[in-house]
Amino acid sequence: ALRGFLSKALESDKKEEGACAALPRTLKQADAVVETAEKLTFAAMMRPITVQLSGLHTWGVWAEGETKSLLKLPEFSVQPSDYATRIGEHMLSLIQQLEPHLGGAGAQSEEQDEEADEDRLEPMYWLGM
């Protein structure tokens, strides 16, 4: 939303004479803020999974044990491992947490977004009048 707003402001500024030199730099800074926020959000969402999988290579389940048969076949359990269950539950909970932010049925239409962006270009919007 911020990027779209700044892009529209930049386009309208270019149409007028004496384009503002600070706006392109502000747009780049806004992009950097958005990128940092996305990385931070992703890291926060993945943190429980990362913690759950830390040291996975040292767990006894993954160590090669002595086999009694001549063929080296993998051994599987009927039940999933506890760590796999917790990771799966966390990933499924992420869907529920992110769904309200995806813009489903309650999302504004594109026309409403454009009207809101146009309102923000007016000085009175920012002065609270």
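In the predicted model described here, Gln-52 is in contact (heavy atoms within 4.5 Å) with Trp-59, Tyr-83, Arg-86 and Ile-87, residues up to four places away in sequence being left out of the count. Gln-52 belongs to helix α2, where helices (H or I, at least four residues) are DSSP runs numbered from the N terminus.

The model is predicted, and local features need pLDDT of at least 70, side-chain atom pairs count only at pLDDT 80 or more, and totals for chains, interfaces and linings use all residues. Residues are numbered from 1 along each chain as its sequence is written, and side-chain values use heavy atoms, with hydrogens and water left out.

Side chains of opposite charge can pair when their charged atoms come close. Two salt bridges (a side-chain nitrogen of Lys or Arg within 4 Å of a carboxyl oxygen of Asp or Glu) are found in a search of the whole structure. Arg-86, one of the contacts of Gln-52, forms a salt bridge with Asp-82 at an N to O distance of 2.6 Å; both residues lie in helix α3 (residues 82–98), four residues apart, or about one turn of the helix. Arg-86 is partly exposed at 37%, and Asp-82 is likewise partly exposed at 49% relative accessibility.

A salt bridge also joins Lys-39 to Glu-35, with 3.3 Å between the closest N and O atoms, and these two residues are four residues apart in helix α2 (residues 22–53), about one turn of the helix. Lys-39 is exposed at 55% relative accessibility, while Glu-35, at 42%, is partly exposed.

Terms used: Buried means under 20% relative accessible area, exposed over 50%, partly exposed in between (1.4 Å probe, protein chains only).
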